[in-house]
Amino acid sequence: MPATGIKQDAIVIGGGFYGAAIAVYLAKQRGFNRIVVVERERALLMRASYNNQARVHNGYHYPRSFTTAYRSRINLPNFVRDWPDAVRQDFSKLYAIARRHSKVTAKQFVRFCRDIGARIQPAGQDLRALFEPRLIEDVFLVEEYVFDTTKLASWAERELEECGIQIRFQTQAAAIANSHGGALSVTLKHAQGIEEQLSSRYVFNCTYSGLNQLNGDFPGTATGLKQEITEMALVQAPPALDNLGITVMDGPFFSMMPFPARGLHTLSHVRYTPHLHWNDMPGIDPYQKLIQYDKSTRANRMVKDASRYLPAVLDAKYVDSLFEVKTVLMKNESDDGRPILFEKHRELPGYYSVLGGKIDNIYDVLEKLNDEKLSLSN
Ligand SMILES: Cc1cc2nc3c(=O)[nH]c(=O)nc-3n(C[C@H](O)[C@H](O)[C@H](O)COP(=O)(O)OP(=O)(O)OC[C@H]3O[C@@H](n4cnc5c(N)ncnc54)[C@H](O)[C@@H]3O)c2cc1C
C-alpha cells in the first residue's frame, strides 16, 4: 500500500534510552530534521530503561565474556562523561567470590580484572566481616557505578524537545512494509484506535522486547532472542549495607545495588529473578505476556538465600518489585555476554533492528551508525 502522510527523515520505534539516543544522534550528528519517535507508553524510558539494575558496567560482571568486559571498560568513562548528572559514584562497590558453585575462583577473578585493566583491591576487614567466611572465599573493593534512570529520562525529554523531534506517545507501531520510491511505510495504532501511516527511507526499530512483533514485510531478526520475565526486588537497605553495592560471583548468587531513582536498593538473584522464559517469536507479544503473568513476588526467597552469604540482608525491608521482560541474545546464554544486536535487512532496505543489551553499549551502536551512509530525503 502506498504510504501517505508526512514524509519523515527517520522514524524511530521505541522511546527507551536507545530510541531516544539514536533520535538525538540522527538530529545532531547527521543533520536529520524530521524525526518521529513512536512510543507505546505515555512517557519516555518507562520500560527496560527504567526497570533494570542501573549498573554502569565496568567489566567485573563478565569474567566469562572477555569482549563484553573489555567493551564495558571502554564505554564506562564515556558514559560518565556524557551523562554526569545521571551517574552515582558515592558508594562502595564490593565483589565477593563464593567458595562453592562459582564459575571463577578469587585468584582467577583477580587475574581477569588485571587482564581487562580494571581496578581491584582486597576489601578491608570491616567490609569482609559482613560476609559469611564459610561461603565466601574473598571480597574485593572495585570501581563500579549506578545510573539514575529518571535523570536519563529527563535528559531524553529535554534533548528530543531541543532537537525538534516529534514523539507519538501511546502509539504502537504495528506493521512495516516496503513502499514506493524506496520508502518504508510504518502503520501506527494510536491508543484511541486510530490508524496512521508514516513513511521514511529509514526506520530504526529500538523496541527491545518487541523487535520481532511487527507485521508486514519484516522477516524477523536473524539473531535468535530469548525473553525472560524478571523480578528485581526493591528494598530499603539496613544501615550496614546502605552505602554499598554488592555482587556475589559467579553463579546462582545475587546482587544488591543502589537504585537512585527510588532511593532504595535493587536485589536480584540469579535463581529467583528470572520467573519465566521463552524463545522469542512473532505473535507472542512479550508485553502482553507480562501483563497476563501472575506477578507473585519471590523477594522472600531472594533475601533468604542472600542472607546465607550476607547475614545483614535479613534486615532489609521489602518495598516493591520491578517486573520487566528482559531480552537477551540466545547465543550468549552460556557466557552471559551482552553484545549489541545491530541488523540491517535485505528485504527492507533502510530498516534497522537495534538492541543494546546494556545501557553503556550505546557507544557500540553509535559506532555502527557512524559507518552507515544515511542520506536525507528531499
Ligand atoms: C531486569 C533487568 C536488569 C538489567 N540490568 C541492567 C544493568 O544493571 N545495567 C545495564 O546497563 N543494563 C541493564 N539491563 C539492560 C537495559 O535495561 C537495557 O539494555 C536497556 O534499557 C535497553 O534500552 P532500550 O531502549 O533498547 O529498551 P526499552 O527501554 O525497553 O525501550 C523500548 C521501548 O520500545 C517501546 N515499544 C515496544 N514495542 C513498541 C511498538 N511496537 N511500538 C511503539 N513502541 C514500542 C517500549 O514501550 C519501550 O519504551 C537490565 C535489563 C533488565 C530487564
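Predicted model: local features only at pLDDT ≥ 70, side-chain atom pairs only at ≥ 80, totals over all residues.
**Entry 1: around the ligand**

I began with the ligand and looked up its neighbours. I found 33 residues surrounding the ligand. The closest ones are Glu-39, Ser-49, Arg-55, Ala-173 and Ile-359.

How many of its residues are nonpolar, polar or charged? I noted 13 nonpolar, 13 polar and seven charged residues.

Then I looked up which secondary-structure elements take part. Helix α1 (17-28) and the strands β11 (171-178), β16 (225-236) and β21 (317-329) each bring at least two residues to the shell. Which element gives the most? The answer is β11, with three residues.

I looked up distances to oxygen atoms of the ligand. For Ser-49, a polar side-chain atom sits 2.5 Å from a ligand oxygen. For Glu-39, a polar side-chain atom sits 2.6 Å from a ligand oxygen. Ala-54 takes part through its backbone: a polar backbone atom there is 3.3 Å from an oxygen of the ligand.

How much of the ligand does the protein bury? Taken alone, the ligand exposes 1,000 Å², and the protein buries 97% of that.

**Entry 2: where the ligand lies**

Why can I say that the ligand lies between domain 1 and domain 2? Both domains give residues to the shell, so the ligand lies between them. I wrote down the bounds too: domain 1 covers 7-47 + 150-223 + 338-370, and domain 2 covers 89-146 + 224-332. Each domain is made of separate stretches of the chain, as those bounds show.

I found an open sheet with the strand order β4-β9-β5 and antiparallel pairing. Which strands are at the edges? They are β4 (55-56) and β5 (87-88), and each of these pairs on one side only. I then followed one pairing in detail. Strand β4 runs antiparallel to β9 (residues 145-147), with two bridges between them. Within that picture, Val-56 stands opposite Tyr-145 of β9.

**Entry 5**

I looked up two pairing partners of β23. Strand β14 (residues 203-205) pairs with β23 in the parallel sense over three bridges. Here Asn-205 has Ser-353 as its bridge partner. Strand β22 (residues 341-345) pairs with β23 in the antiparallel sense over five bridges. In that pairing, Phe-342 has Val-354 as its bridge partner. I also noted that β22 and β23 are joined by a hairpin through two residues.

**Entry 3: backbone angles worth a note**

I looked for a cis peptide bond and wrote down the one from Met-249 to Asp-250, with omega near -15°. Asp-250 belongs to the loop between β17 (244-249) and β18 (254-259).

His-101 has phi near 65°, and Gln-170 has phi near 50°. Where do these two residues sit? His-101 is in the loop between β6 (92-98) and α3 (106-116). Gln-170 is in the loop between β10 (166-168) and β11.

Is His-101 buried or exposed? Its relative accessible area is 55%, and the cut-off for exposed is over 50%, so His-101 counts as exposed. Gln-170 reaches 44% relative accessibility, so this residue counts as partly exposed.

Between Ile-229 and Glu-157 I noted 72 residues in sequence and 28 Å in space, C-alpha to C-alpha.

Tyr-318 is in β21. With a relative accessible area of 37%, Tyr-318 is partly exposed. Tyr-318 and Met-249 are 69 residues apart in sequence and 23 Å apart in space, again C-alpha to C-alpha.

Technical notes:
Residues numbered from 1 in each chain as written. Heavy atoms only, no water. Near = heavy atom within 4 Å. Polar contact = N/O pair within 3.5 Å; in protein donor to acceptor, adjacent residues only side chain to side chain. Areas by Shrake-Rupley, 256 points an atom, 1.4 Å probe, with all protein chains shown as cover. Helix = DSSP H or I, 4+ residues; strand = E, 2+ residues; numbered from the N terminus. Nonpolar A, V, L, I, M, F, W, Y, C, P; charged D, E, K, R; others polar. Domains from an automatic or database assignment. Pairing = 2+ DSSP bridges. Buried < 20%, exposed > 50% of the residue type's maximum accessible area, 1.4 Å probe, protein only.
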